[in-house]
Amino acid sequence: MSRRFKGPNLFLLFILGLVLNSLVLFCNGGRTSSYVRRLEATVDMPLDSDVFRVPPGYNAPQQVHITQGDVEGKAVIVSWVTQEAPGSNTVLYWKENSSKKLKAQGKSNTYKFYNYTSGHIHHCTIRNLEYDTKYYYVVGVGQTEREFYFFTPPEVGPDVPYTFGLIGDLGQSFDSNITLTHYENNPTKGQAVLFVGDFSYADQYPNHDNNRWDTWGRFAERSTAYQPWIWTVGNHELDFAPELGETKPFKPFLNRYRTPYRSSGSTEPFWYSIKRGPAYIIVLASYSAYGKYTPQFKWLEKEFPKVNRTETPWLIVLMHSPWYNSYDYHYMEGETMRVMYEPWFVKNKVDVVFAGHVHAYERSERVSNIAYNVVNGICTPVKDKSAPVYITIGDGGNLEGLATRMTEPQPKYSAFREASFGHAVLSIKNRTHAYYGWHRNQDGYAVKGDTMWFYNRFWYPIDDSSSDDS
């Protein structure tokens, strides 16, 4: 004989259901995109792909890339590789519409990693450049010469417009190629790329196959040779392999890539700062020591007081491991660094923090979690208008696939998230406003999957939150 619920019991269940439903709504955060990408394996492009093609000619320079060479933006570091012989370390360069060609001399080196020996890696710094000028340059002087160009940034100042591209965890998969193509064809043209780490994923191949560093350099050259990429190191640059006898972390990166770290008083190339137009950019290293008394800690402690917001109003930080992440992947891996440095970020009103590592996209609200002191139990992120927006842009293409599992319900600190590959563009308009757009690979070049108007935390610190309950 079945037992029937009486009226009052049904009423209590109904009330309880309403309460639970309201609690769920209260706990929910921002928006999880309704776009569902067809899940496919992330597959690396075959080695005979045209994007990996070695340029023709004897000892032709390849893997050409440039980055900023000083703090102020008046120097450029040019890097390239020659395979057959050392060749020339000279870079010829000249201003557009000028017949006067200048020379800069660099240096070259090689390195070995397990059973791999690199080509001849050249690095040359061009100094005393003029602002806001197009320069042409030639590498491979005296053998197979290749010509490229770049634009120097405008003079550092508070109201000069400037546009940055944002790419992370790129790799060399078919999705990587789509990401780079979308960035190149975006109608909002980026003038420099802020790259948040994980380059080639060579460490995912047998014996950390360093040939995959070469293929990545050739693949990315179509962008890196023409505009500076500001480098951040990720976990896949560590290349720490004691089982292969390779115990020097970051060995391939250190030989192949340069950063202007000494110009900003840093002791290592993994953390440094630059100014570019209206922005002050601080690059941090998630995989170098960052605790109190460490070199990175002591450098950053002295770095924030150098920032002059009347000169560079936009304060941007790059790192690899995100602090605020609502995916199940790499969850809370950045927590110890956040505990160390977040109070400085809030005190100094950092505008935005870009990270990678998680192979998906996410944008946070302006939140902080700095009240906790072990005994008070206050350990929940809260809305904070002095805090940065945290953006995870580790969706470049990688090798390992998309991060698709998310924590549910969506935390209140998360404003928007989507498991898709893509890139972003940050267009700084003046000292008060910047427009940001994220582009998924599946859309047209001009289509934005997520957007936000940023209001500068120093000059215009009003609420720019995307939610209604701030």
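Is Tyr460 buried, partly exposed or exposed, and what is its relative accessible area? Tyr460 is partly exposed, at 31% relative accessible area; here buried means under 20%, exposed means over 50% and partly exposed is in between, with a 1.4 Å probe and protein chains only.

Some ground rules before going on. This is a predicted model, where local features need pLDDT of at least 70 and side-chain atom pairs count only at pLDDT 80 or more, while totals for chains, interfaces and linings use all residues. Residues are numbered from 1 along each chain as its sequence is written, and side-chain values use heavy atoms, with hydrogens and water left out.

## The patch around Tyr460

Look for Tyr460 in the segment after strand 26 (450–455). Helices (H or I, at least four residues) and strands (E, at least two) are DSSP runs, numbered from the N terminus. Together with Phe458, Trp459 and Ile462, Tyr460 makes up a nonpolar surface patch with about 340 Å² of accessible area. Such patches take residues with over 30% relative accessible area and no salt bridge, joining nonpolar side chains (Val, Leu, Ile, Met, Phe, Trp, Tyr) within 5 Å and like charges within 9 Å. The areas come from the Shrake-Rupley method with a 1.4 Å probe, and for residues only the protein chains shown count as cover.

## Helix 2 and its buried face

Helix 2 runs over residues 174–185, so to speak a 12-residue piece, and spans 17 Å from first C-alpha to last, close to the expected 16 Å at 1.5 Å a residue. That expected span is 1.5 Å times one less than the number of residues. Its buried residues are Asp175, Ser176, Thr179, Leu180, His182 and Tyr183. Viewed down the axis of helix 2, they fall within an arc of 160°, so they line one face of the helix; the arc is taken from the directions from the helix axis to the C-beta atoms. What do these buried residues of helix 2 pack against? Their partners include strand 12 (162–167), helix 3 (211–224) and strand 25 (433–440), with contact meaning heavy atoms within 4.5 Å.

## Ser79

Ser79 sits in strand 3 (residues 76–82) and is buried, at 1% relative accessibility. Leaving aside residues up to four places away in sequence, Ser79 touches Gln63, Val64, His65, His122, His123 and Arg256. Met337 is 258 residues from Ser79 along the chain, and their C-alpha atoms are 32 Å apart.

## Salt bridges

The structure has 19 salt bridges, each a side-chain nitrogen of Lys or Arg within 4 Å of a carboxyl oxygen of Asp or Glu. Here are some of them.

| Pair | N to O distance |
|---|---|
| Lys306 and Glu303 | 3.6 Å |
| Asp328 and Arg405 | 3.9 Å |
| Arg440 and Glu418 | 2.6 Å |

In the Lys306 pair, Lys306 is partly exposed at 47% relative accessibility, whereas Glu303 is buried at 0%. Asp328 is partly exposed at 39%, and Arg405 is partly exposed at 47%.

Arg440 in strand 25 and Glu418 in strand 23 also link distant parts of the chain, 22 residues apart. Arg440 is buried at 9%, and Glu418 is buried at 1%.
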